[in-house]
Amino acid sequence: MIRWRKGEVLSVRREWPGAMELDVTLPEGKCRALAYPPLVGRPEPGDTVLLNTTALAMGLGTGGYAMVVALPDRLPEDPQGPGHLVKARYTPLQATVLGADEQDSPFHEVLRDADSVGGMPVVVADLHSALPAILCGLYGSRPSATPRVAYVMLDGGALPGWFSMSAARLREIGWLCGVVTTGQSFGGDVEAVTVHTGLLAARHVLEADVAIVTQGPGNLGTGTRWGFSGVSAGEAINAAAVLGGRPVGALRVSEGDLRERHIGVSHHSLTAYGRVALAPAQVVVPELPGGFGERVREQAAGLAARHELVKVPVDGLEETLKNSPVKLSTMGRGLAEDLAGFLASAAAGRHTASLLS
């Protein structure tokens, strides 16, 4: 159920493409709120806002904002232009977008019979936090030509692509040529109905050389074998393979997570790649040092029955990660708190760079 509140905007804290962070006063006191101007209009100081405070009350780390649902005294103008693809369907906030694959799209003819991504490397990861680390490894390995990299966002975490400050910054500096939002996620440079058309759009609309597929910020896990949003990583491997891509699996690794099921190689990766992915992929195993590195190699060994395990050295990657253009954070842990996790993602980027050469 939704916790509803009415508040008043005090100030704009910061903003990035598609999103605004606000200070809002409520009967209970001041809180931090997030608004998506393309959905609700642009809030200004003094505006009354209707808020959904459910995530705030739950104390969620990633999505712990009060969410602006509407500006009741100053409604935005009706949307203009084509687009009949409805996302967040049958919810009070359903919105129409122009899908790259729909009939009114200028790209419909390109995608109507498209059936292959032509051998494009497709890097698949569980967590959104892997995205910048993969890019650090890819660009830090200095491929012969600067590749065009598209982010294909799944709908297992945040639905609005605008929520990701990392993706916005990586797009701004040219590390991403665009964001493709698929399924029920929305707000990317390109909208697509499925991960399949999302990959095809990355290749044929954005002209990407590489696609990175992962969910948006805020994954969901329940502590059960199958009840986690990262199951979709295995399905993304299948999609990449059936479309003639070269799937590359990035392992979710952690030395800082105290939960047994996530220490070393997370059970999320072992289940998604070992049980869900029916097509073979190149799964990158980082050559981490010491006993922890040996644990990672032993855990990953079980994936060799279905996939090609590629051992990738991690020398020099820590320095590359320290120079990341965006803040590195996974489950509230930074680079120093969970270096192994970021090295594993960067190793997948390093391997992908070798495929381009």
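**Notebook: strands and a cavity**

I began with strand 1 (residues 4–16), which five bridges join to strand 4 (residues 48–52), the two running antiparallel. I count strands as DSSP runs of E of at least two residues and helices as runs of H or I of at least four, numbered from the N terminus. Two strands pair if DSSP finds at least two bridges between them. I looked up R5 and found its bridge partner in strand 4, L51.

The model is predicted, so local features need pLDDT of at least 70 and side-chain atom pairs pLDDT 80 or more, while totals for chains, interfaces and linings use all residues. Residues are numbered from 1 along each chain as its sequence is written, and side-chain values use heavy atoms, without hydrogens and water.

Next I followed strand 4 to strand 5 (residues 66–70): three bridges, again antiparallel. L50 has A70 of strand 5 as its bridge partner.

Then I searched the whole structure for cavities of 30 Å³ or more and found one. A cavity here is a set of points on a 1 Å grid over the protein atoms alone where a 1.4 Å probe fits but cannot get out; lining residues have an atom within 4 Å of a point. Points join across faces, edges and corners, and the volume is the space filled by probe spheres set on them. The largest cavity holds about 180 Å³. It has 18 lining residues, with L127, R252, T330, G341 and S345 closest to its centre.

Which element gives the most to this lining? Helix 11 does, with three residues. Helix 4 (130–140), strand 14 (253–254) and helix 11 (339–356) each supply at least two.

Technical notes: 1 Å grid on protein atoms, 1.4 Å probe; cavity = no way out; pocket = protein on both sides within 12 Å on 5 of 7 lines; lining within 4 Å.
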